[in-house]
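Me: I would like to learn how to read a few features of a protein model. Please take them one at a time.

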Amino acid sequence: MGRVGSGELTSTNGTVVWDGIGVLRLRYDGTRAGLDALTSSLWTRLGERILPVEALQSVEVGAAGLKLILRDGADPLQSVTGGQVVMDPYDFPEVDPALAEQIARDIRSTLVRRDVPATPSARWLLAPPAAPDRLEGRDAILSVANGLLTFDYKRSAGRKKKSLGERWSVPLGEIVDVEWTPNQGRFNTRGFLRVATAGTPVERPKPKHDPAAMLIPGGADVDALFFAARLLTRIRP
């Protein structure tokens with residue numbers, strides 16, 4: 001065990017390692033049976049994440065397992081998903097309850113000792129997953145360069161997108177939100193990534209008609225998610 005309160009907690013989703021000082025290492029397992037394709041790919045590609053205790057609002061232990069509650073604005077990945085469309089990466093079910101409670105108790109003490117507020121974080125406290133500066137979609141190619149996010153529309157793009165020309169760019173400093181939704185075959189819903197600025201209307205066209213949206217190809221949901229999370233860290237430190 002090492003330090004009092006430190007420990008390694010095994011879950012069906014992976015492993016939580018608490019160093020007893022102020023850092024959690026979250027190691028994911030995307031190989032277990034029963035996972036849907038998106039979650040399996042996400043867990044496998046995430047591999048390990050480093051979570052400083054300052055990113056936590058609280059920690060819960062119950063019959064379902066251990067759950068880490070992050071402060072709003074601490075994790076760009078969670079900010080993009082909203083915790084709505086993929087399995088929660090901070091929920092670790094089927095754990096040793098005694099060890100989970102011991103680790104949770106020590107984390108809570110550390111939060112109090114460090115006076116970590118439960119208020120939203122003013123900066124990102126977790127690094128986004130690695131992502132390239134270019135992402136190819138069904139109807140556009142997104143790229144980030146020289147302080148701009150550029151949509152290069154393909155021939156398959158709808159007329160509303162093509163009406164802006166072959167490409168459309170928006171300064172990163174004008175982007176206020178990044179939205180990601182994965183492909184959901186059983187609902188016949190195409191995945192998309194889109195951005196919003198202060199001037200974006202409340203009522204938006206469908207993503208296939210929205211110039212500020214890119215349709216995600218099948219099998220590229222995690223690529224788009226990682227691109228979106230990294231884009232968030234470009235528009236806010």
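Me: Which residue in strand 9 does Leu 135 stand opposite?

Reply: First, the ground rules. This is a predicted model, where local features need pLDDT of at least 70, side-chain atom pairs count only at pLDDT 80 or more, and totals for chains, interfaces and linings use all residues. Residues are numbered from 1 along each chain as its sequence is written, and side-chain values use heavy atoms, with hydrogens and water left out. Strands (E, at least two residues) and helices (H or I, at least four) are DSSP runs, numbered from the N terminus. Two strands pair if DSSP finds at least two bridges between them. Here Leu 135 stands opposite Leu 142. Strand 8 (residues 134-136) pairs with strand 9 (residues 140-145) in the antiparallel sense, over three bridges.

Me: Which residues of helix 1 are buried?

Reply: Buried means under 20% relative accessible area, exposed over 50%, partly exposed in between (1.4 Å probe, protein chains only). In helix 1 (residues 37-46), the buried residues are Leu 38, Thr 39, Leu 42, Trp 43 and Leu 46.

Me: Why do the buried residues line one face of helix 1?

Reply: An α-helix has 3.6 residues a turn, so residues three or four places apart point the same way. Seen down the axis of helix 1, the buried residues fall within an arc of 125° (taken from the directions from the helix axis to the C-beta atoms), so they line one face.

Me: What follows helix 1?

Reply: Gly 47 does, with a positive phi near 65°.
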